[in-house]
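The sequence and structure come first.

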Amino acid sequence: MRCLSFYLTNLTNLLNFLFPFLIKIPSKFLPVQIENMVTLVSRTGRHLQRYEKGYRLVVGCIPYRYKSQEPASVEEIEVLVISAQNGQGMLFPKGGWENDECMEEAAKRETEEEAGVIGVVQDKLGPWHYKSKRSCIMHESYMFPLLVQKELDSWPEKNIRKRRWVSINEAREVCHNWWMREALEELCKELSRNLQAQS
């Protein structure tokens, strides 16, 4: 039993090491088995975590989609929220920005691991500063709008999180992080400006 535990631990470490390289390979060049395996491993630990001026750097995405082909207003937008790990409320996917990736890569990785969606990352929103509820650590956080292109059937945190598409108004009610609600408002303003410019 101890041997099995040793091999599983080392397999996880190997996959965590290879993950940044594998995600850069276009999926059409990967066998289906490897593509699926890459999406089934979530990074753990904080040994690569970035800190700056005492703040833990956190990044995430607000995954969104349009209800219609030619949206005319922000009311036609849905956002994807996920359940918190402790089951208390809903939020947008986010996590630590690590030393071996750029900010956008970290945000996309966290979104794929926690929410199981892939898409186009747009201009960053933020920063926001907040204190962790579980510890005294201060965080500096950034969020990226992510226009969803693909929803995965399997993703690393599928068994510990629920995901749900909601309207902007419902997201304002169910998201329990004040700074995420502020990021959502910034996204709404930006999308409104873009829609007005197109009309």
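Strand β3 is covered on both faces: Ile-77, Val-79, Val-81 and Ser-83 on one side are buried, and so are Glu-78, Leu-80 and Ile-82 on the other. Buried means under 20% relative accessible area, exposed means over 50%, and partly exposed lies in between, with a 1.4 Å probe and protein chains only. Helices (H or I, at least four residues) and strands (E, at least two) are DSSP runs, numbered from the N terminus.

This is a predicted model, in which local features need pLDDT of at least 70 and side-chain atom pairs count only at pLDDT 80 or more, while totals for chains, interfaces and linings use all residues. Residues are numbered from 1 along each chain as its sequence is written, and side-chain values use heavy atoms, with hydrogens and water left out. The chain has a mean pLDDT of 83, with 76% of its residues at 70 or more; pLDDT is the predictor's confidence in each residue, from 0 to 100. Over residues 32-39 pLDDT stays under 50, and the model has 12 contacts for them beyond four places in sequence. A contact means heavy atoms within 4.5 Å.

| Partner strand | Sense | Bridges |
|---|---|---|
| β2 (residues 55-66) | antiparallel | 3 bridges |
| β9 (residues 163-167) | antiparallel | 5 bridges |
| β4 (residues 90-91) | antiparallel | 2 bridges |

Val-79 of β3 is the bridge partner of Tyr-64. Leu-80 stands opposite Trp-165 in β9, and Ile-82 has Leu-91 in β4 as its bridge partner. The hairpin of β3 and β4 has 6 residues between the strands, and Gly-87 takes a positive phi near 80° there.

Ser-83 lies in β3. Ser-83 counts as buried because its relative accessible area is 11%. The Ser-83 side chain reaches the backbone nitrogen of Lys-162 at 2.8 Å. Leaving out residues up to four places away in sequence, Ser-83 touches Gly-89, Met-90, Ile-160, Arg-161 and Lys-162.

Asn-177 is in the loop between α4 (168-174) and α5 (178-198). Asn-177 is also classed as buried, because its relative accessible area is 12%. With residues up to four places away in sequence not counted, Asn-177 touches Leu-91 and Lys-133. Asn-177 and Met-90 are 87 residues apart along the chain, and their C-alpha atoms are separated by 8.6 Å.

Note on methods
Pairing = 2+ DSSP bridges. Polar contact = N/O pair within 3.5 Å; in protein donor to acceptor, adjacent residues only side chain to side chain.
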